[in-house]
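Please read these notes with the model open beside you.

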Amino acid sequence: MFRALVGGIKDGISLKSWTGLQFVRWRRKPRWLPMARTRYNKVPVRKPVDPEEKDEMMRLYNMYRTQYRSVRRFLAAEVEAKAAQATVLTMDPKVEEAEVQHCFEINEEWNKKVAAVRDQRLQEELKVQKEEILTRLEAKKLREEERRQMAEEKVKREIERSKNFIPREKLEEAIEHALANPVDFNFAIDLNMNLYKGRTTATPTENLSIDGKDRIL
């Protein structure tokens, strides 16, 4: 073919007529040729397979088959549901009414069960609330009793203190008595434990030592 092409070029054929020509060079033997004689009795050697890799491939394959079956069953169930729905749509009115009545009965039974559970829960909650209220009332009574006792003690103290109060009608007499009998709370103690009361007292008023033994040295 190459020779014919070159000959055509030499004969003056234009290259424009050869623009769509494509050469094919077989890198391997074409399919239609038979097997070579050197390969007739050659047995191919299988490549060794890693056991761990084989187990992993089997695990993945089993997982794939399981998921594939699950998807098929899911789609089959959907098809059956749609078919059943179509059957329900074309159901006899009497049968449909009976089915609806049966559903109402089931719903009523469920409502009764739920109501019983709810009533029991409400009773338990009410019992707990009553116990909490009683506990709070008892604590409130204790606090009120403590406050009442504290108030009574305070009143008793004030009554006891009021005994030393000077009434209005004896105020002048108390003032005259205080002026006539002045009281000086200043005092001093010497090294011999002698107590000197007042600001101007020169002689000891009292000795604080016990039998003259406790003295400041």
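1. Met 58, Tyr 61, Tyr 64 and Tyr 68 make up a nonpolar surface patch with about 460 Å² of accessible area together. Accessible areas come from the Shrake-Rupley method with a 1.4 Å probe, and for residues only the protein chains shown count as cover. Patch residues have over 30% relative accessible area and no salt bridge, with like charges joined within 9 Å and nonpolar side chains (Val, Leu, Ile, Met, Phe, Trp, Tyr) within 5 Å. A salt bridge is a side-chain nitrogen of Lys or Arg within 4 Å of a carboxyl oxygen of Asp or Glu. Tyr 64 belongs to helix H2 (residues 51-89).

2. This is a predicted model, in which local features need pLDDT of at least 70, side-chain atom pairs count only at pLDDT 80 or more, and totals for chains, interfaces and linings use all residues. Residues are numbered from 1 along each chain as its sequence is written, and side-chain values use heavy atoms, leaving out hydrogens and water.

3. The protein has four helices and three strands, in the order α-α-α-α-β-β-β from the N terminus. Both are DSSP runs numbered from the N terminus: helices (H or I) of at least four residues, strands (E) of at least two.

4. The average pLDDT (the predictor's confidence in each residue, from 0 to 100) is 82 for the protein. Where pLDDT is low, the predicted coordinates should not be read in detail.

5. Of the 217 residues, 4% count as buried, meaning under 20% relative accessible area, with exposed over 50% and partly exposed in between (1.4 Å probe, protein chains only).
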